[in-house]
Amino acid sequence: MEGVPKDKILEDKALRHQFTRAESAAISQEAMNDNFVVPLYSHIVHTSGKENTVTGTGIRCAPQPSGAATLQDPVVAPLKSLPLPAAEAPIFSFGVITDVQYADIADGQSFRGVPRYYRHSLQVLRRAVNHWNQKRLVNFAVQLGDIVDGFCPKEESLPAVMKVLSEFNSLQCGTVYHILGNHCLYNLPRNQLNKLLKFPSWPNAHSYYDFTPSPNFRFVILDGYDVSAIGWPEEHAHRKAAIELLKQKNPNSDKNSPDGLIGEECRFVKFNGGVGEDQLIWLNQVLKDAVACRQKVIVCCHIPLHPGATSPNALLWNYNEVLDVIHQHNCVIACLAGHDHTGGYVIDSHGIHHRVLEAVLECPPGTNAFGHIDVFHDKLSLIGNDRMASVDMAFDPSH
Ligand SMILES: [Zn+2]
């Protein structure tokens, strides 16, 4: 079987090589073979002009611009020995979109100067739904958090949320599954959001759930703001725990600032959060059950779960605890996230794909950032539009 030689991987790592889509597919296949040692990655993340170097275990892969990436691109290793039928239909498909952050306010910019298009984001969402509706391209869609922006005037929060939801409701070919983001919680209380976003967990207070769209596949929706300084009532234990953690880890008076924090410690800012103990126990149980049912699992969370796929200041506080649980079970094939607007991608030490999706909010007028994922028995194909990069994510169907 042809693939990327292991010494080449190490050499490329030393050169801070960003792997191409074809290389990543080959590496992904290699990672599923025995005796494969995943090299250390070392890459530079450019986020809004600031440069961070991140090291750890995994392989950093560069998503390819859409248009350049088509289904005809060589998926090197598997196609050589096991050619797929030319027109294999996906088992099912789902739409993906994140960080719409709509507000009826003038364009602005992030605190690092990246332009933000608050009104245009609604148009991108409309184009996404229209695109998915065409030819009934998807069976459902997943919205990965932050549907409205924190700058939305408070009295307009509810109308803004309703406006975004009415766009999603135009999806004619299936349900939209939502995820809580920090900007949602800046606008409305958690309980109200849980109801508006139709979380199956409602009227329970928590915002995590799972669903099974096809007998052999399960989706796990995590709440990255379970332990958080935002979104809980003043006296809630999870809010108190979050405030205590930020006090210990972040010396700045503005807890949204990572100033002075180094590397992964930058994640201890108020706009991030963590997964609580009860949710970890629940996750463990769901994954155990998925293994028993021989299901492949896709985990979705607003906050990225792997440092190789995101800037460290957009990383889940206890990402390592969540990954520990995920790695105990041989069923998770991919983790999807939003929150880090530039997007990212890494394959971790267990061969799990971590894809952080590009944000709608930063699409200049006329451009888009949404996609759909075709699910096959041995790979997920993300087909992105404009600013959302396409990628094939191979997995071993035999596990
Ligand atoms: Zn966010």
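**Reading a helix and a sheet**

Colleague: How many residues does helix α9 have, and how far does it reach?

Modeller: Helix α9 (residues 277-292) has 16 residues and spans 23 Å from its first C-alpha to its last, close to the 22 Å expected at 1.5 Å a residue. That expected span is 1.5 Å times one less than the number of residues. Helices here are DSSP runs of H or I with at least four residues, strands are runs of E with at least two, and both are numbered from the N terminus. Keep in mind that this is a predicted model: local features need pLDDT of at least 70, side-chain atom pairs count only at pLDDT 80 or more, and totals for chains, interfaces and linings use all residues. Residues are numbered from 1 along each chain as its sequence is written.

Colleague: Which residues of α9 are buried?

Modeller: First, the cut-offs: a residue is buried if 20 or more other C-beta atoms lie within 10 Å of its own, exposed if 12 or fewer, and partly exposed in between, with C-beta atoms placed from the backbone. In α9 the buried ones are Gln279, Leu283, Val286, Leu287 and Ala290. They cover an arc of only 95° around the axis, which puts them on the same side of α9. The arc is that of the directions from the helix axis to the C-beta atoms.

Colleague: Why do residues three or four places apart point the same way?

Modeller: An α-helix has 3.6 residues a turn, so residues at that spacing point the same way. On α9, the face turned away from the buried side carries the exposed residues Asp278, Ile281, Gln285 and Ala292.

Colleague: What covers the buried residues of α9?

Modeller: The cover includes β9 (209-214), β10 (217-221), β11 (296-300), α10 (319-327) and β12 (332-337). Here, contact is when the C-beta atoms of two residues, placed from the backbone, lie within 7 Å.

Colleague: Now a sheet. In what order do the strands of the open sheet of 6 strands run?

Modeller: Two strands pair if DSSP finds at least two bridges between them. This open sheet has the order β8-β7-β4-β15-β16-β17, with mixed pairing. β8 (176-178) and β17 (391-394) stand at the edges with a single partner strand each, so one side of each has no neighbour in the sheet.

Colleague: How do β15 and β16 pair?

Modeller: β15 (residues 369-375) and β16 (residues 379-386) pair in the antiparallel sense over 7 bridges. For one of these, look at Ile373: its bridge partner in β16 is Leu382.

Colleague: And Glu155, is that buried or exposed?

Modeller: Glu155 counts as exposed, because it has 7 C-beta neighbours inside 10 Å. You'll find Glu155 in the loop between β7 (140-143) and α5 (157-168).
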